[in-house]
Structures are given as structure tokens and as C-alpha cells.
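I opened the file to see how the chain is put together. My notes cover the overall counts, the sheets with their helices, and the nonpolar cores.

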Amino acid sequence: STQSTWGRYKESILSVLMPFIASIPFSESAGNNVSSQFESLGSKIPNATPFEVPTLKVGTLDNLMECSDDLVKMDTQIESVTFKMLHLLEEISGTHDVAVVTRQGHQGQQHERTDEYLSNFKWNEAQFPVNKPLKQLLQNIHEQVLKGEENIRTRLADFNDIKTRLQNVRKKTGGSLMTRPLSQLIKDYYRKENEDGPLQSEYLTTLFVVVSSVEEKNWLKSYGSLGGNEFIVPDSSRLIVKEADYCLYSVILFRKIAENYKQACRENKFTVREFENVEEVTDEEMEQLQQQLDTKKNHLIRWLKNSFSESFIGYVHMKAIRVFVESILRYGLPPKFVALLFQVPSKKEKEIRRHLHVLPNLRSTKQSVEGLEPGDLLNAFEQHYPYVSLRIKATPTD
């Protein structure tokens, strides 16, 4: 029923993960460091994971405000680019289990699902030194992601070029005798008969006619007199090739009646096909094109995996910078806040928001969220909450 369908749809929506980061100012009742503050909060709020945000180079308030404006634009763009890469990777690889981050660990390369990477996030000091100005860090991340996108665009164009060529060749060679190229079939026939090719002279010409299988007997009986023509070489019709639904026949006649004969064929539902003596793609060339496509596809998948991984790493670091900047602008200096990550189904978000809302250290910045429906909570902007709150994606469905 419609009601049960809606119920299942609603349940599926509420079970989708909706990760978000909340930045909470230090509580006076806990130690003056992030780990103590997290321990204190962890006992009050379920499903919280620490999200590491380093102390970055602040600069002036004007710099922070400018960075805040840039962050919103860059964050949106980087998220879009990153998950477009993932969507493309899923499409080309044919699998949805590819949202993976690769990074260097103590024992070589480590592979983590994106949700695991978020849960275990550690700021990469080697790649993004915290002593650099904020604006430079943002620019580095932005350039890294856009460079990866440009590389993918170039490789995707090469892949699509070969894919299109192969599709066009298959389209031509995969049709019936009514539509596909006939040149190679006709050449193969005359080669097998030890002949140079179809007869073409000053006075005589050879036509090739596609005949449906059910009309084959009719063709053999009538081809010599179609349209009342008398200038057809007797017994000149030869079967070139026969397939399930159609046959291809040749017929030799005088050039001067060729157009009249073609018209007579059309009237009798026989199709004259022009013989173009051109080189067609051979099976060997088709196989080479397929091998090229497979190679390009494998290279593209490898580049997409690497580029998505690098982009996702940049994306999460961008979120960390944004948490830092917005926390300073909201809570002031020196930086005294703890960032919490929540990766929970959307139906649990309201409960977590309520736990956050009653924290005593938020009383000075309280803004009422009483009366908000779940949908409002899921889509609310930051100003609905008495703390810094940012959405973050780990998968395309988040």
C-alpha cells in the first residue's frame, strides 16, 4: 500500500548516516586540555568520537573573517569535486565499495574506508604544516584537489575517445545486413571464389541486394525480369552471404538500366546496398581497440582511486580548518574548544542534539531549538545551535 511504501521510505531516510562535527567550548569543570574535556563530554554524550583540530596560525581578526568567507566557498567546491570523483569511480569500476582512503602508515600504505578515516582522523603535519598562514593552507588544499580533478578530466577524455570509437565500430558491425557495412563481406566472398571483385565495366555493373529470408524464393524467381527490364545478365545472381533474417545477393546488369532496376527493387521490397570499396575495421583491430580501452580503464580507475583519496584527505583537513576558524570567531581567543564527530543514523541525531543542547558550558550562547521537527534539525543551519556545527560527508549518500 501507499502508506507502507511511505513508511519504508521514511525508515530508509532515517537510517542514512548524517555525519556532523560539533565544536564545544571548554567546561570549567574539566581539565584545561582537549583530552580531559573529551573524557568529560564522552560520559554525557553518546556516540561521540574526538575529531582532531590543531591550533593553527590565527593572524588578525580581519584575516580570520576573510578566511571564513573563503572557507565556505572552497569547502563547497571541494566537497562537490571529491564526491563527483567517487561517483565516477563507482560508475567506471562497476562497484560501490570504493570509498577508500590510502595513506602512509608506520607499516607502509594503509587503506581505510572513508568513515574509518574520519573516526581515526589525525592532522597530517607533514602535508599541511600548522605554522603556515591559514590562507596558504587553504590555497594548498584547494590547488591539490583541483589539480587532481584536472588530471582526471584529461584521462577521462582519452578513455571516452576510445570507448566512443569502439562503440561506433560495434554499432556498424553488429547490425543486420540491412545496416552494417558490407565491404569486408563482399571482399571475403570474391577472395574465396578466387576472383578480383565484382564486375564493373563501361557497360556492365554489379548491384548488391538485401533480400529478407521469406522473400528469397521470390527474388530468385523474379530478379531477371524486375520492372520489365530485359538488360539483366541471365543466371547472374549469386548468394554472397546468408544470415538468420536476410540474404545478400549480387546481380549483373547493364549500367543504363541500373537506376530503373533499383526503383523496381524498392517497389518489390528488395533493398539495394551500395558497395563501397573501403577498408573496414578487422577483428584484430577490434581486439586491439578493446585492449586499449581496458588499459585506459585500469589506468583511469587507479588515478581515480588516488585522486579521490587525496581529495578526501584535503576535504577533511579543510573541515578541520573551518571548525577552528568558526570556533575562534564564536568562542574567542585563546582557542579553548573540543571538536566531536558523530557518525550516526539521522533518526538518532535529534537525541544527540538534545544532549549537546543541555551542556552547562553552552548556557551563555544558548539559542532555542525547542519545537524543531526532525527534518528541521537535519537541515538546520549553524545558527540554530548554541555551538559550532558542520556537516561532513563520508559517502555519497550522507
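The entries below follow that order.

**Ground rules.** I am working from a predicted model, where local features need pLDDT of at least 70, side-chain atom pairs count only at pLDDT 80 or more, and totals for chains, interfaces and linings use all residues. Residues are numbered from 1 along each chain as its sequence is written, and side-chain values use heavy atoms, with hydrogens and water left out.

**Entry 1: the chain.** I counted 11 helices and 10 strands. Both are DSSP runs numbered from the N terminus, helices being H or I with at least four residues and strands E with at least two. Of the 398 residues in the chain, 41% are buried (under 20% relative accessible area with a 1.4 Å probe, protein chains only; exposed is over 50%, partly exposed in between). Among contacts (heavy atoms within 4.5 Å) with a separation of 6 or more, 77% link residues 24 or more positions apart.

**Entry 2: sheet 2-9-1-10.** I traced an open sheet of 4 strands in the order 2-9-1-10, paired antiparallel. Two strands pair if DSSP finds at least two bridges between them. Strand 2 (49-50) and strand 10 are the edge strands, each pairing on one side only. Strand 2 is joined to strand 9 by 2 bridges, and Thr49 has Leu341 in strand 9 as its bridge partner. Helix 9 packs on this sheet, touching strand 1 (20-25), strand 9 and strand 10, with its direction at about 160° to that of strand 10. Helix 10 (346-357) touches strand 1, strand 9 and strand 10 as well, and makes about 10° with strand 1. Axes are lines fitted to C-alpha atoms, for helices over the stretch in contact, and angles run from 0 to 180 degrees between N-to-C directions.

**Entry 3: helix 9.** I checked its span: 49 residues reach 70 Å from first C-alpha to last, close to the 72 Å expected at 1.5 Å a residue (1.5 Å times one less than the number of residues). Gly332 follows helix 9 and has a positive phi, near 85°.

**Entry 4: sheet 6-7-5-8.** I found another open sheet of 4 strands, ordered 6-7-5-8 with antiparallel pairing. Strand 6 (238-242) and strand 8 (271-273) each have a single partner strand, so one side of each is left without a neighbour in the sheet. The twist averages 35° from one strand to the next. Strand 5 (204-212) and strand 7 (246-254) pair over 9 bridges, and Leu207 stands opposite Val251 in strand 7. Helix 6 (183-192) lies across strand 5, strand 6 and strand 7, at about 125° to strand 6. Helix 8 (258-267) touches strand 5, strand 7 and strand 8, and its direction makes about 5° with that of strand 5.

**Entry 5: cores.** I define a nonpolar core as buried Ala, Val, Leu, Ile, Met, Phe, Trp, Tyr and Cys residues joined through side-chain atoms within 4.5 Å. Which members of the largest core touch the most others? Among its 60 residues they are Phe51, Phe312, Val316 and Ile321. Elements supplying at least two residues each include helix 3 (61-93), helix 5 (134-173) and strand 9 (337-342). Helix 9 gives the largest share, 18 residues. Leaving aside neighbours within four places in sequence, Phe51 contacts residues including Ile21, Leu118, Val316 and Leu341. A second, separate core of 17 residues includes Trp219, Leu253, Ala258 and Phe270.
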